[in-house]
Amino acid sequence: MSRHPLLPDPCCPTCGGLPDDGPEAAPGALVPRPKSRPGHRLTRPDARWLRARLADPETGLLRGVTRVPAAVPLARAPLALPDRGEPEAGLGTGHDWDAATAAALLEGVERYASVRPRARRTAVRAAYADVRHDAVDPRTLGLHPDDHYDLPGFPFRRFDEEQVTDWTWAWSHRRARPVLLPRSYAYFLSATEDDRAFVFEVSNGCALGSCPEEAQLHGLLEVAERDAFFTAWYRRTPLDAIDPDSARDRTVPLLVEHLAQLTGHRVHLLDATREQHIPCVVALAVDERERPDTPRAALAAGAHPDPEQAAVRALMELGPHLSLLTSRYPAQRERARRLALDPSLIDHPADHALAAAAPEAFPRLAFLLEGRPPRGFDAVHEGRRLPAHHEDLTDDLRDLIRRYLDTGLDVVAVDQTTAELAALGLSAAKVVVPGTATVTYGPLMRRTEGLPRLTGELSTDPHPFP
């Protein structure tokens, strides 16, 4: 016999029970969070402590955590989601195995909190026309091309101001008050047959932290990263190259050299920073020898207030992605070629990176390398108003939010913290910035309609984002 601790499912009608959602459930005004250590995390996650409380093969929120062979330490923590047919897992990287394990566990419970409401019961069901003064207009979040909604089997419904939908309470930093956000944007697997979503949504902007402010900061950085890359992708904007050897943090050139020696690819660091001046780096690996059983290209991105840490984030994402793709590519080479030649065959998120790995797809992304030749980090960001270092983490967050408000955008945050997370001293948040570009998967799923920053003729090529 063995003993397994059991947490009640908050959505279970017998052992759960959720309070109604309301304006008071929105994250609210920010409060000071003095730092006891440098950086943008108030505490260092303890992998052993998290594992003991979250991972159990029978009854845990996560079924366990395992190490995955990759270019950098990579851990995987599968979720226990009885209402989700397709398996989900948290993935985490780090400079050592403890950091990777903690990151995987935290991403796993982040996913648990973000797929559907587990903290409060939806209480507002209305048409946008009836709540417009208190609601975020779904059209500002990006819609699919209008004719896609008429395609046979298209899973989303066309937005209409008179269409009834479920709403979640969130906090608008521009309005400084609670607002309503469609539930299917706040929780990306919460749509039902009676409440079909307007668009394809993922965990973009979801993050965990030791407090609401920390969770919002990292959620906003993810929004910045995705917006930077997809704005460049849809506009076909060449990106300026960065010299990795110019970094004061020697982790940057060491990671570039490590990946080059491990895979034989040349790794380019490209600047994708947008008008908010939040540093964003795209790491693009290219096989210049064009070996037949090797991915031609792979990429990842990262955003951070420190430009060099943005590069580290991008490289830490690229490392496991590239090494795993390289190991699988020989067996999937022919399928990659078919996907590249006929993007309509793409039907899974992983297909995007696989299609981009085929040599036939490389001309579609070569424009990214057509910016200015490599310059140092300081030269690339010369003239920009980069985020300052603050002694209070909330001041870091206010700085980032102000950059969006100053460029005419809003920052909207949803509190996704479940009782299980609160008991562990964790907060979960979903951050949405209306008007920014977001990640989608599938040839028909791009969300570019209604975004003023995406105008003119936009690329319809399948993106290579993993």
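A: This is a predicted model, and the protein in it has twelve helices and 13 strands. Its radius of gyration is 22 Å, close to the 23 Å that the globule rule gives for 466 residues, so the protein is as compact as a globular protein of that length. The C-alpha trace spans about 60 × 55 × 45 Å along the principal axes. Of the 466 residues, 57% are buried. Among contacts between residues at least 6 apart in sequence, 68% join residues at least 24 apart.

Now the core itself. The largest nonpolar core holds 77 residues, and Leu181, Leu220 and Leu368 touch the most other members. Helix H5, residues 212-235, gives the most to this core, with eleven residues. Leucine 220 is in contact with Leu397, Leu400, Ile401, Tyr404, Val411, Val431 and Val433, leaving aside its neighbours within four places in sequence. A second, separate core has 36 residues, among them Ala71, Ala300, Leu318 and Leu339.

Valine 431 belongs to strand S13 and is the bridge partner of alanine 413. Strand S12 (residues 412-415) and strand S13 (residues 427-432) pair in the antiparallel sense over four bridges. S12 also pairs with strand S5 (residues 164-172), again in the antiparallel sense, over two bridges. There, valine 412 in S12 is the bridge partner of serine 172.

Note on methods:
Residues numbered from 1 in each chain as written. Predicted model: local features only at pLDDT ≥ 70, side-chain atom pairs only at ≥ 80, totals over all residues. Heavy atoms only, no water. Pairing = 2+ DSSP bridges. Core = buried A, V, L, I, M, F, W, Y, C linked by side-chain atoms within 4.5 Å. Buried < 20%, exposed > 50% of the residue type's maximum accessible area, 1.4 Å probe, protein only. Contact = heavy atoms within 4.5 Å. Rg over C-alpha atoms; globule rule 2.2 N^0.38 Å.
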